[in-house]
Amino acid sequence: MDYKYIEQLIDRYFEGETTLEEEHILRDFFSQGQVPQHLEIWQPLFQSVASLAAEHLDEHFDRRLLERVGETHVTAQRITLQRRLQPLFKAAAFVAFAIVIGSAIEHATSDTVTHEATPTAPAIVQDELDPDEATPLDIRSAEVAEKADSVKLLQN
Amino acid sequence: MDLRSTILPYRDSLYRLALSITGHTGEAEDIVQETMIRAWERREEWPMIKNIGGWLTLICRNLALDSRKRSQRTLLAATPREAATDDATRLEARDTLDYIRRCAATLPSPQDEIFRLRDIEGLSYRDIALRLDISEDQVRVYLHRARRRLRELIVNKS
């Protein structure tokens, strides 16, 4: 195998003429297992450079440091889907509540208007009945008429 | 300017510097932590510091060199058997790191720093020049001298 390119790179490296990319190629070359005997002399240098360049602190370092300097360590919070949709649920609940209240008010208003406009039959019947003179049958008829009126209102 | 955005990004670079000087991961981590705490204690000075990276490097380097001196004294004070065991364990565990540590230790300043920034940290000539407040040409010259010195060292050893 021809190692001319690597040999040229080594020469240029020691002359300080290599690019970062070429230096990376050299480190990769010497990190592999098989290096020709005449180039083995340079292997410890490039291997040790690659080894040191890969060293870094672990993730606990930041937390320990921030604890020591008294800052709170902010970690990313896991947000569940339910929690993410919570504002949407709240909005939906509010809209449903508003609809219920709105329709209740509407019903109450229309009920008052109906009562004022057309007095119902049971009311007349009740007005005409004298409690002292009314028979149980009369009272029962008045109750039935009142219930019929309520059903009618609900249907409206 | 807070700790996370101003000085914490330099932690790994400082760690490798401390490791290249002490050759011991635990010591290197302690040194970086001490560097960060010292920098934090002087945080009111940060806006006036032109080159935070260079300033942190200086603190870290001094702490690492002090630590190495202390370790050497401890090693000398230990019994020959203890010293030999400790030394052998270190060499065995960190053989490749020790190699680069020994090589870099032979380089005068600022060649050692430029060699480290280029070969270990992978910085461009421009970034090194900015970090050390020198020209790019000076960076090239110092790097050339550093590598030539390393080549002589390696060839003479073999």
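A residue is called buried here if 20 or more other C-beta atoms lie within 10 Å of its own. The legends below describe close-up views of a predicted model.

**Figure 1. Helix α2 of chain B and its buried residues.** The buried residues of α2(B) are B:Arg11, B:Ser13, B:Leu14, B:Tyr15, B:Arg16, B:Leu17, B:Ala18, B:Leu19, B:Ser20, B:Ile21 and B:Thr22. Because eleven of the twelve residues of α2(B) are buried, this helix is largely enclosed by the rest of the structure. The length of α2(B) can be checked as well: at 1.5 Å a residue, its twelve residues should span 16 Å, and the C-alpha atoms at its ends are 16 Å apart, which agrees. Just after α2(B) comes B:Gly23, which has a positive phi of about 75 degrees.

**Figure 2. The crossing of helices α7 and α8 of chain B.** Helix α7 covers residues 111-120 of chain B, and helix α8 covers residues 125-132 of chain B. Their axes come within 10 Å and cross at roughly 135 degrees. Angles over 145 degrees count as roughly antiparallel, 65 to 115 as roughly perpendicular, and those between these ranges as oblique; α7(B) and α8(B) are therefore oblique to each other. The crossing of α7(B) and α8(B) is right-handed. On the α7(B) side, the residues that meet α8(B) are B:Glu113, B:Ile114, B:Leu117 and B:Arg118. Their partners in α8(B) are B:Ile128, B:Arg131 and B:Leu132. The residues of this contact comprise four nonpolar and three charged, with no polar ones.

**Figure 3. The contact between chain B and chain A.** Chain B contributes 32 residues to the contact, and chain A contributes 23 residues. On the side of chain B that touches chain A, at least two residues come from each of α2 (11-22), α3 (25-41), α6 (95-105), α7 and α9 (136-157). Helix α9(B) gives the most to this side, with eight residues. Sorted by class, the side of chain B that touches chain A holds 16 nonpolar, seven polar and nine charged residues.

**Figure 4. The helices of chain A.** Chain A has seven helices and zero strands. Along the sequence, the pattern of chain A reads α-α-α-α-α-α-α. Of the 156 residues of chain A, 8% count as buried. Among the contacts in chain A with a separation of 6 or more, 24% join residues 24 or more positions apart.

Definitions and conventions:
Residues numbered from 1 in each chain as written. Chains lettered and ligands numbered in written order. Predicted model: local features only at pLDDT ≥ 70, side-chain atom pairs only at ≥ 80, totals over all residues. Axes fitted to C-alpha atoms, helices over the stretch in contact; angles between N-to-C directions. Helix = DSSP H or I, 4+ residues; strand = E, 2+ residues; numbered from the N terminus. Parallel < 35°, antiparallel > 145°, perpendicular 65-115°, else oblique. Left-handed = near helix turned anticlockwise from the far one by under 90°. Contact = placed C-beta atoms within 7 Å. Nonpolar A, V, L, I, M, F, W, Y, C, P; charged D, E, K, R; others polar. Expected span 1.5 Å × (residues − 1).
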